[in-house]
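Colleague: Could you walk me through how some of the helices pack here? I have the sequence and the model open.

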Amino acid sequence: MNALYSGSLAPFAVLLWPLLIGVVPVVPRWRDTALRLLPLAPLPALAFAMAGAPGAVVFPDLMLGVELAAGPDSALLLGMTALVWAVAGWYGAQTMARGREAGIFTGFWCLTLAGNLGVYLAADIITFYVAFAAVSLAAWFLVVHDRTKAALGAGRVYITLAVLGEAALLTGLMIGAAQAEDLQIATVRAAFTDAPLGPLGVGLLIAGFGIKAGMVPLHVWLPLAHPAAPVAGSAVLSGAIVKAGLIGMLLLLPEATGWRMVLVVLGLLGAFGAALWGLTQRNPKAVLAYSTVSQMGLLLVLVGAGSQGVAYFALHHGMAKGALFLCVGMMMLATSPLQRRAVLGLAGSAVLSVAGLPLTGGALAKLAAKEGVGDMLSLALTLSSVTTTLVLGWFLFRLADLPAKPAQIPQWRGLFAAIAGLAALALALPWLLWPGAVALPRGYPFQPATMLEGLWPMLLGLVALALARRLALPDYPPGDVLVFLPTQKLRPVLQLPVGRQGRLYRKRPVLRLLLMCKLAERWLLHWPIAGSALMGAALAFAAMVWFAV
Amino acid sequence: MTTALPVLLLMTSLLPAGVTFFLAQDSHALRNALQLGGAVLKLALIIWMLFAVADGAAYEAEFPLAPGLVVLLRVDALALLFISLSATLWFLTTIYAIAYFGTKAELSRFFGFFSLCVAATTGLALSGSLISFFIFFELLTLSTWPLVAHKQDKPSLRAARVYFAYALPGSAALLWAIIWLESATGPVLFTEPPDLSGLDPAALRAIFALFIIGVGVKAGLVPLHGWLPAAMAAPAPVSALLHAVAVVKAGAFGVVRVVYDVFGAENMTALGVGVPLAIVASFTIIWGSVRALQQDEIKKRLAFSTVSQVSYIVLGAALASPLAMIGGLVHLIHQGLMKITLFFCAGIFDERAGVKRIDGLNGMGAQMPWTSACFSIGALGMIGLPPLAGFVSKFYLGLGALEAGAPWVLAVLLASTFLNAAYFLPILYRLWFLPLASGAKGDDRAPGLVVPAVVTAAATVGVGMLAASPISPLGWATLIVTQGYGP
């Protein structure tokens, strides 16, 4: 027998703690307690990340040999993820209606969280895959929580894409692992270069991770799921969960691959296209969803271009976007004009940072990201500020128009403070991490040329926003490609027949084929046919051989 | 001791069978004690032997029937893999069956044949020669018929008739293959690969095909699977045993024996019959899943799912690379655990809520939480959700396919995953998310039925979670392949 484990148990405890909280609501009496515990679930992970994610551990007997360890990028994102989950968890604990549904929500919230933390801590592909499956599939329960028609529809699209992504990912990982003859992430990553099916494997990985990361055209679940999910759910989906796809690409895509160009192109398409498409939306959460697709597009460009600042950029975006989604929730719960103005102000400052106002965290993230990506992409990054300003400015108008719900919660001020803290960290944390993250001088963000480069696209964006306000912008349902491109006919094919039987069979040729299967089966069951067919086949064989010999 | 052990192992099922036939219908306590006693004794024996065989011990018992006809019982690692599965699940199914039937009619007949069926499976697993394999294979066919026909109503009798119509030509094909092969090579023992040089390739291919037809009927290879969905008319414990341990598994086990111990992986590749077999298995995987999608009855959907899943084992054997073989062998265990869970649950839904069809399951999650949870675990395992049992098999099969240079198998595995998701997820959705139909009610306050399901569901999670440990099914399958068939 092997030793049960070797190494430090800290990374394991980080994952175990949310799972333990997750099983608490199994006992009906404890459901409310479990809901109150939500903000505590990610705290060990936060402490672990702040300590620099020290230590690694190996469990030789668990699954196919679990190894946990975090690299520098992973540690950065682990801390961000834990923070966003903690604040969103508190919001959820304060606002969620109590009852059986809340128990289900709590359990799967914790499972999703454990998966989300797990993708940063896994050092072997099986653990990574398990964690990825947990974050991907369990998040379905966050999407459909409200059980409305829109939520269930979004859930169908979500689960279809998630299952597709899981399958693509597993196949890609198998191709790498078969060549590597090992399960360590680093070995598998290196093996893609030599594997006979390496390019296919990398392509499948990109598809699998791209679905999660909102890569165009696999992003369609995002604008459907975000407005449908409860606010806490959208905050973690957009702030933290989409980053699971990103870390997957960072960990597993080999250095030299032709796919990087594809990533850059699709990323640019998403960065600009999704931001502009966001203007066709009225629901502030849908606008934010398109902004997420756009920001994730930028991140994909950075991954494709091999930028060093990917995790740094993602850290800022995760916190800022998490805060923005929670602002939507606070706006719905605001009761006085003062509270509404406070929320608008908070959202405004986060927006300015994401758009890259000089000296904010977002501006620093952009500066770091531009290092080493070449002039063309650097210009594209600068220009992306125009569309980001446009879409997030549009979001602020939509937010201001949002009607308040009559519901009141006692902890409004406390929650607001927590969300403000999250936004403040988004603005400030990049300053603290600047020396370690980037090879740029300390004073670089203060240089006038740098500041000007950040400022003019924003001004341009504001002008565009003013013009856009005068235009009669169309009001489209969320889900762009799914709603428009292949027309309604393809939709049932894209969706698994979850829920309603027979959805898949709406197309006539499929129906005919299935009917033929059924008839063939019935014919086989007719036993004289079956028996004589068998013996006939055997006799034919014998005769064949007889003549051959 | 070394010769007595295999015989003793066989007797733990055979003796209760013999005695049970003569018990009065209402001597429930004695009958149940006999059944459970035999099962417990067998389990103890197996656990003891597991340790011994892991250290390299082998047990053998030989009975000459006639010159050239030797019944050989032999305990090797592969045999133990199959027996430990059948013994564990037999024990659980016995508990389940006792609770399921209560004091219904004709129980002595039922349990007699039930034990006989398990004895045949044990003998099949222990067989060390082709001829003993055939004898137990036939005993299995015959002892299963009364189980399928147990209810004695019209559908049961029809199902039993269909079963025979398929099984007998299969047996004929198997016997033909054995005679043809042994007439050229002399008696075939699994320990010594037969010398095939006396036969020309065409004849060998024909013999291989006959073998596969013979065992393939039981393994449910398309188009020889027709009897399996029909046999759903049998009571739930029978279906559970049939699908997880006895008949279907005997077929799959037979394929493994034929491929590795009669022909050998190299010969199979040289003859060029591995790829056709892999194609047949792949077609079966897809066909079974597509047909499962079209079923409205729970047990029928599960039956077609069995057709599909058992061919994973055949596929692993046909690919003939070490990792694929590990994947196939471990699926022998994993599929058994998952499928018996599903059938236990299907039986509980039927008994405690009167639900036979999938649309009757709406909202049952809250009414029957234990059963529904076990069903969900079994179903998710079938889909291949990590870290459950099915995922481990699938991962090894995928790696093995790449190792064998057959990447197209990955597409088959993918398609199977989607189809499994498509026919299992709607059931889970109904269980947990849709409202209860008015007037429907059910409960799972029947420990004799629920506990076995909980145990197998827990095992489904356990064998996946602890796959890397040396005592897991995966560890054992790896041992078999590295000891017996590895380079």
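Modeller: Happy to, starting with α17 (residues 389-403) and α19 (residues 447-465) of chain B. This is a predicted model, in which local features need pLDDT of at least 70, side-chain atom pairs count only at pLDDT 80 or more, and totals for chains, interfaces and linings use all residues. Residues are numbered from 1 along each chain as written, with chains lettered from A and ligands numbered from 1 in the order written.

Colleague: At what angle do α17(B) and α19(B) pack?

Modeller: Helices are DSSP runs of H or I, at least four residues, numbered from the N terminus. Axes are lines fitted to C-alpha atoms over the stretch in contact, and angles run from 0 to 180 degrees between N-to-C directions. The axes of α17(B) and α19(B) lie 7 Å apart, at an angle of about 40°.

Colleague: Which residues of α19(B) make the contact?

Modeller: Contact means C-beta atoms, placed from the backbone, within 7 Å. From α17(B) come A389(B), F391(B) and V392(B); their partners in α19(B) are T460(B), V463(B) and G464(B).

Colleague: How are α6(A) and α7(A) oriented, roughly parallel or roughly antiparallel?

Modeller: Helix α6 (residues 125-143) and helix α7 (residues 149-180) of chain A pack at about 175°, with axes 9 Å apart. Angles over 145 degrees count as roughly antiparallel. So α6(A) and α7(A) are roughly antiparallel.

Colleague: How many helices does chain B have?

Modeller: Chain B also has two strands, which are DSSP runs of E, at least two residues. The helix count of chain B is 20.

Definitions and conventions
Contact = placed C-beta atoms within 7 Å. Parallel < 35°, antiparallel > 145°, perpendicular 65-115°, else oblique.
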